[in-house]
Amino acid sequence: MRTQVCIIGGGPSGLLLSQLMHRAGIDTVVLERRTRDYVLSRIRAGVLEEGSAAMLRKAGVGARMDREGFVHDGVFLSTQNRGFRIDIKGLTGKSVMVYGQTEVTADLYKARDDMGGTVIHEALDVCPHDLDTNAPFVTYRKDGAERRIDCDYVAGCDGFHGVSRTCIPNAVLKEYERVYPFGWLGILSETPPVSHELIYAGHERGFALCSMRNTNLSRYYVQAPLTDTPEAWSDERFWGELKRRIPPEAADTLVTGPSIEKSLAPLRSFVAEPMAWGRLFLVGDAAHIVPPTGAKGLNLAFSDVHYLSEALIAEYEGEKGATAGYSDKALARVWKAIRFSWWFTTTMHRFPDQTEFDQKIQNSELDYLSTSTAAQSTLAEQYVGIPY
Ligand code: RFL
Ligand code: PHB
């Protein structure tokens with residue numbers, strides 16, 4: 001088989017890239033290791049920056065998001081002593097869209113089907129070859145048979161545990177990492193959200209987040225030790241802990257119910273540089289991970305897709321070397337989101353080795369944030385997303 005761009009990974013970044021390429025007349029094949037049902041059952045991101053929502057519209061997949069998504073103009077932050085709202089819209093003129101990653105992925109799959117795009121599921125042992133030549137190819141196994149796709153470029157959209165990043169020689173690749181000493185225990189429950197906007201809550205017992213998917217589907221998280229397991233957290237224990245950490249007015253009105261999903265996610269900041277090597281381009285979680293506190297992971301994946309799709313389209317239109325700037329352009333934005341997510345995580349969580357001094361600094365940071373319009377503007381500008 002031959003295609004122009006072979007895309008490894010059928011998550012949101014691989015599918016969006018494929019969709020944008022197709023609309024520009026560029027042929028792609030997407031190779032996904034899992035089944036479609038598995039990919040669609042992963043509960044992950046919930047907040048889209050304005051730029052991400054615009055990209056989905058540009059790709060022709062924004063209609064359901066615009067009908068069913070929720071536009072949020074602000075977020076609440078709370079500390080033990082006070083709660084305050086950050087007026088995102090008032091400070092930036094922009095809003096975010098609450099629309100689940102599961103729905104984004106479902107919309108992208110539907111669009112790919114409608115346009116006759118090729119997405120090969122259960123593609124095993126995917127392996128790119130000859131990436132440093134003008135004739136790369138990708139091999140994989142499907143239904144027991146060995147297969148090969150010849151292509152012009154390979155897009156590594158295969159997430160943090162994918163194969164693409166490992167193809168860049170050790171002498172070229174540099175990795176930067178910070179692992180946080182806690183995780184987020186998250187639940188999904190068929191209950192009305194406690195607040196019409198998100199609540200990010202700092203507390204001496206640890207961080208908590210109140211989020212949502214729709215008017216009867218809530219997503220809540222509490223900071224938990226990495227040594228815990230989801231099984232150690234009965235629903236009763238989860239609701240009790242959440243209520244202690246969020247503002248009393250919210251705790252009093254919180255509607256609880258059985259969880260329909262429960263998982264523990266570790267928190268990490270990670271960047272791999274460069275994001276390109278020969279004819280390979282890394283996109284999204286394959287190249288970088290942020291802790292979820294700033295809701296940046298999926299959004300960063302989409303800004304990578306923006307830079308790469310523009311570069312590939314220019315290259316196919318005859319602009320020689322257009323893809324050469326991809327890694328630097330993408331990384332400049334990536335590092336800003338890495339810094340913001342690190343700062344927001346550090347400001348809102350309890351660290352096991354936190355000293356009294358660290359605690360005072362953290363309190364002071366939140367105090368400043370609650371009273372300074374300049375500080376709130378800084379947060380708001382990054383929360384809605386740095387323009388690209
Ligand atoms: P994905 O979604 O991991 O998709 C990669 C795909 O590649 C496949 N794959 C392979 N296919 C073929 N061959 C191989 N060798 C392969 N290896 C892997 C995988 O099966 C998969 O289908 O990466 P992508 O597309 O770059 O998308 C990234 C986002 O999924 C991720 O950044 C976000 O989910 C992060 N994230 C959030 N991001 C936000 O922007 N806003 C949020 O509110 C937000 N909340 C979150 C999050 C992530 C979380 N967890 C669980 C990590 C909340 C949580 C709890
Ligand atoms: C979510 O709804 O899953 C969510 C929202 C905001 C975040 C992280 C996760 O910062």
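This is a predicted model: local features need pLDDT of at least 70, side-chain atom pairs count only at pLDDT 80 or more; totals for chains, interfaces and linings use all residues.
Staying with ligand 2, which residues come nearest to it? There are 14 residues around this ligand, and the nearest are Tyr 200, Ser 211, Arg 213, Tyr 221 and Pro 292. The side chain of Tyr 221 places a polar atom 2.6 Å from an oxygen atom of ligand 2. For Arg 213, an N or O atom of the side chain is 2.8 Å from an oxygen atom of the ligand. So much for ligand 2.

Now over to ligand 1. Here we have 31 residues around the ligand, with Ser 13, Glu 32, Arg 42, Asp 285 and Leu 298 coming nearest. Asp 285 uses its side chain: one of its N or O atoms there is 2.7 Å from an oxygen atom of ligand 1. Leu 298 uses its backbone, with an N or O atom 2.7 Å from an oxygen atom of the ligand.

Let's step back to the whole chain. The protein is divided into domain 1, covering 5-70 + 97-176 + 268-344, and domain 2, covering 180-265 + 348-383. Over C-alpha atoms, the centres of the two domains are 29 Å apart.

How many residues are in contact between the domains? On the domain 1 side there are 23, and they meet 20 residues of domain 2. Together the domains bury about 1,800 Å², and 66% of that lies on carbon and sulfur atoms. Three residues stand out here: Ile 43, Trp 343 and Phe 344 supply 32% of the area that domain 1 buries against domain 2, more than any other three residues.

What about polar links? The count of salt bridges between domain 1 and domain 2 is 0, while 8 residue pairs are in polar contact across the interface, both partners at pLDDT 80 or more.

Which elements build the domain 1 side, giving two or more residues each? They are strand E17 (259-273) and helix H10 (326-348). H10 makes the largest share, with 6 residues. By type, the residues on the side of domain 1 that touches domain 2 are 12 nonpolar, 5 polar and 6 charged.

Technical notes: Residues are numbered from 1 along each chain as its sequence is written. Chains are lettered from A and ligands numbered from 1 in the order in which they are written. Side-chain values use heavy atoms; hydrogens and water are left out. Domain bounds come from an automatic or database domain assignment. Contact means heavy atoms within 4.5 Å. Buried area is the accessible area (1.4 Å probe) that two parts lose on being put together, summed over both. A salt bridge is a side-chain nitrogen of Lys or Arg within 4 Å of a carboxyl oxygen of Asp or Glu. A polar contact is a pair of N or O atoms within 3.5 Å; within protein, one must be able to donate a hydrogen and the other to accept it, and residues adjacent in sequence count only if both atoms are side-chain atoms. Helices (H or I, at least four residues) and strands (E, at least two) are DSSP runs, numbered from the N terminus. Ala, Val, Leu, Ile, Met, Phe, Trp, Tyr, Cys and Pro count as nonpolar, Asp, Glu, Lys and Arg as charged, and the others, Gly among them, as polar. A residue is near a molecule or strand if one of its heavy atoms lies within 4 Å of it.
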